[in-house]
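Welcome! Take a look at the sequence and the model below, and then we will walk through a few of its features together.

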Amino acid sequence: MAESSKETKTTIELATFYVGHALCGMDILKIQEINKLMEMTKVPQAPDYMVGILNLRGQIVTIIDLGQKLGLGRVEISNDSRNIIINAPGEHVGLLVSKISDVIMADPDRIEPAPANMSGIQGSFFTGVYKTENKLIGILDVKEVLRLESDNLGRGLER
């Protein structure tokens, strides 16, 4: 029993998803929920990557097109598109992604540093890369993706 609890501590669960053809992942504990697209309201003068805002059970959630933010072009909205609502301190933010993939148990010791330029994506948005047998998963740095949001949100949502 002691071994299994030790093993639990050394693995993290990565929720994986696609942004275009790029496979990305993040610690599942950072995710509040994943939902289908809902009706969004555009925000005037918002940055290009800000798709809009939506009302999620009384909470206003800002939706960011993760493809635009990462420099991969717009996420094509389809039946597979989802909003990943993340636990961000003091704000509610959703990341629009092309498709949800699997949850993978990852050994943190096997996460390698992110290259400076990863498949045309700015490496600064990633904390590292995790290799499975047949896939390469970019580990998203959620803080870095959201770093400029609070400044831009304040400007876009002023009354």
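How many of the 7 residues of strand 4 are buried? In this predicted model, strand 4 (residues 50–56) has 6 of its 7 residues buried, so it is mostly covered, since buried means under 20% relative accessible area.

**A hairpin to find**
- Strand 4 pairs with strand 5 (residues 59–65) in the antiparallel sense, over 6 bridges.
- Across this pairing, Asn55 stands opposite Ile60 in strand 5.
- The hairpin leaves 2 residues between the strands, and Arg57 takes a positive phi near 50° there.

- Leu23 belongs to strand 2 (residues 22–27).
- Because its relative accessible area is 11%, under the 20% cut-off, Leu23 counts as buried.
- Lys135 is 112 residues away from Leu23 along the chain, yet their C-alpha atoms are separated by 8.1 Å.
- Beyond residues up to four places away in sequence, Leu23 touches Thr16, Phe17, Tyr18, Ser101, Lys135, Leu136, Ile137 and Gly138.

- Nonpolar side chains tend to be buried together in soluble globular proteins.
- Here, the largest nonpolar core has 30 residues, and Phe17, Met26 and Leu140 are among those with the most contacts inside it.
- Elements giving two or more residues to this core include strand 2, strand 4, strand 5 and helix 2 (66–70).
- Another core, of 7 residues, lies apart from it and includes Leu14, Ile104, Ala106 and Ile139.
- Setting aside neighbours within four places in sequence, Leu140 is in contact with several residues, among them Phe17, Met26, Leu66 and Val145.

Definitions and conventions:
Residues are numbered from 1 along each chain as its sequence is written. This is a predicted model: local features need pLDDT of at least 70, side-chain atom pairs count only at pLDDT 80 or more; totals for chains, interfaces and linings use all residues. Side-chain values use heavy atoms; hydrogens and water are left out. Buried means under 20% relative accessible area, exposed over 50%, partly exposed in between (1.4 Å probe, protein chains only). Helices (H or I, at least four residues) and strands (E, at least two) are DSSP runs, numbered from the N terminus. Two strands pair if DSSP finds at least two bridges between them. Contact means heavy atoms within 4.5 Å. A nonpolar core is a set of buried Ala, Val, Leu, Ile, Met, Phe, Trp, Tyr and Cys residues joined through side-chain atoms within 4.5 Å.
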